[in-house]
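Hello,

Here is the structure you asked about. Have a look first, then read my notes below.

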Amino acid sequence: MKFKILGIITLISLFLGKESFAQEQTAYNPIIHADVPDLSMIRVGDTYYMSSTTMHMSPGLPIMSSKDLVNWKLESYCYDRLVENDAMNLMNGQNTYGKGSWASCIRYHNGEFMVSTFAATSGKTHIYTSKNIKGPWNEKSFAPAYHDHSIFFDDDGKTYLIYGAGKLKIIELKPDLSGRMEGTEEKVLIENASAPANAPIMLQAEGSQLFKHNGKYYLFNICWPRGGMRTVLIHRADKITGPWEGRLALQDLGVAQGGLIDTPDGRWFSYLFRDYGGVGRIPYYVPVEWKDGWPVLGENGKVPITLNLPANKSLIPNLVNSDEFTRKKGEPVLPLVWQWNHNPDNSLWSVTERKGFLRLKTGRIDTSFVSAKNTLTQRTIGPESTGSISLEVSNMKEGDFAGLGLLQKNYGVVGVKIENGTKSIVMVSTKGGKAVEIEKVRVSQSTVYFKTECNFKDRADIAHFFYSLDGKSWVKIGEPLKMPYTLPHFMGYRFGLFNYATKNMGGFADFDWFRIK
C-alpha cells in the first residue's frame, strides 16, 4: 500500500511538473511590459522586425528584431537626430515633448529595409532605407508630414502611401521614395473610415496599416467611440482604389492599433498595443483566424492572456540594461538601450574623460529637470522595476543639481544640489504642474547612491525614492510619486540621469554606474 501511495504521489508530481513546464513555455500578454507603441512589423524569412515610436528622444525610431515573435532586441535607430531646430534641441524655451516622430511603417522591398515616419516637429515625412537592419540608414524627406501613414509596395510595381484621420487618403510615391509621383493627385480612399464602429466618435479612424493576402487588400485602423474604448477597424477591397467594405474587428480592453503578422508555420497574429498608465503603451498580440476572407481577431472577440508562442523572457538586456560605463575597444560609446531626452550637446558628456564613468557637464543655465539638456534615459518596465545610480559630486558648482529622475510631465527626481557651498540630498516632486522640493538632507561625502522603485502592477503607478551613503543601506526620502500618463509627453515614464546648472556653468557630475532590475 505504501508503495502504491508513493507511486501515485510520483505520478501527480510528474504531472504537475509537466503543467508547470508547459506554463513556462507559453507566452503571455502584454508581450512587452514597457513603452513600445505604434508597432509596425514584418517578417523576412524566419526573423521578425519591428519599428516603434520614441518621439522626442535622440537617437530615435528604434528598430528591433526577434526570432520567436516574443523576445525582442534593439538593432539600431533610423536617425541619430531627427532635425536641428530649437524644439528638438531644447533651446530658447522650446521643446518637442509628445511630438518628434510618430507612428512609423516598416517594409522590406527588393532586398532593402525601408522605415518611414512623419514629424510635426519637422513638418515632413521621413523615409529611411538600408540593406542592413543595423544600418547605416539613408534618409529622404519631403513635405508635408503625412499623418499616420502606411507605405505599400504593390504587385504592379507602384508604391502607395495611405494616410489621414477619419477621411483616409492615398497618393502614389515616386519609385525612389523622394515624394509624390509627378502627374498624380491625392485621392480620397475612404470617406468615413470610422463608420464601422457605428457610434459617435471621439478619435477618428487613424493609424493606417495596409496588407495584402490572397489577392485582397486589408486596411487596419483604430478609432475611439465616445464613452467607449479604443477599437480595431478593418476595411477590405479587391483593388487598392476600392470600393472598400469595413467592419469592427476588436473591441476589448482598449487593445488596438496595429496590423497582421504570420509565422513560418502558417499561424497568424495581430500586433496591437494598450494604454496602460504610467509605464506607457504596451504591446499585445491576439491570434487571428481567416474566415470568409476576413481576419478574425481574438478568442471569441477577447484578448487572451496566454498565447501559443514561446515564453516571454526578461526585457534585460535587450530593451533595457544596466551600465557600468566601462567601454572596451570597439564597443559603442552608448549602448542602444540609452536615448537622450531631445538632441544632446555632444560636447557636454563623455564616457572617456574619466574611465568607467559617465560625465555630464553643464554648459548653460536651466530651471528644471524637463528643460535641462543632456538627460540620458531608459524605459521603465512593468510590472515592477528599480533603477539605481552611484554619483560622484565633488566637481559640481554652486546651484548645480544632479541625480536620478523619473521623466514625464509629472516628474520626480532625487539627487545632490549645491546651495551656499553646501551639498544636500534633495527629493523633488511635481505638484499642480510645479516642481516642489519635498525633502532635503545635508551630506558631506562626495559619493552618494540613489534609487527609485516603480510599481506598475494593476496600474498602481507609484514610485518611491531612496538614497544611500554606502550603496547598501537605503533610506526612503520625500514622498511617493504618482505617475500618470499625460498627453503633453505622450510617453511612459523613463529613468533619467541628469545634471544641470541653475547659477554657474562649467561643473560636472560623474556617474559610476546605472543598474536596473
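**What the cavity search found**

The largest cavity is lined by Asp38, Leu39, Ala103, Ser104, Cys105, Asp148, His149, Ser150, Gly207, Ser208, Gln209 and Gln257. Please keep in mind that this is a predicted model. The volume of this largest cavity is about 90 Å³. Two strands, E7 (101-109) and E15 (201-213), each give at least two residues to its lining. Sorted by class, that lining holds 7 polar, 3 nonpolar and 2 charged residues.

How many cavities of 30 Å³ or more are there in the whole structure? The search finds 2.

The second largest cavity has about 60 Å³ of space. Its lining is made up of Ile31, Ile32, Val70, Asn71, Trp72, Asn312, Lys313, Ser314, Leu315 and Asn318. By class, that is 5 nonpolar, 4 polar and 1 charged.

**A look at Phe490**

Where does Phe490 sit? This residue is in the loop between strand E35 (475-482) and strand E36 (494-500). Phe490 then contacts Met55, Gly98, Trp102, Arg281, Gln408 and Tyr485. Tyr284 is 206 residues away from Phe490 along the chain. The C-alpha atoms of these two residues are separated by 19 Å.

Best wishes

Conventions: Residues are numbered from 1 along each chain as its sequence is written. This is a predicted model: local features need pLDDT of at least 70, side-chain atom pairs count only at pLDDT 80 or more; totals for chains, interfaces and linings use all residues. Side-chain values use heavy atoms; hydrogens and water are left out. On a 1 Å grid over the protein atoms alone, a cavity is a set of points where a 1.4 Å probe fits but cannot get out, and a pocket is an open set with protein on both sides within 12 Å along at least five of seven lines; lining residues have an atom within 4 Å of a point. Grid points are joined across faces, edges and corners, and a volume is the space filled by probe spheres set on the points. Helices (H or I, at least four residues) and strands (E, at least two) are DSSP runs, numbered from the N terminus. Ala, Val, Leu, Ile, Met, Phe, Trp, Tyr, Cys and Pro count as nonpolar, Asp, Glu, Lys and Arg as charged, and the others, Gly among them, as polar. Contact means heavy atoms within 4.5 Å. Lists of a residue's contacts leave out its neighbours within four places in sequence.
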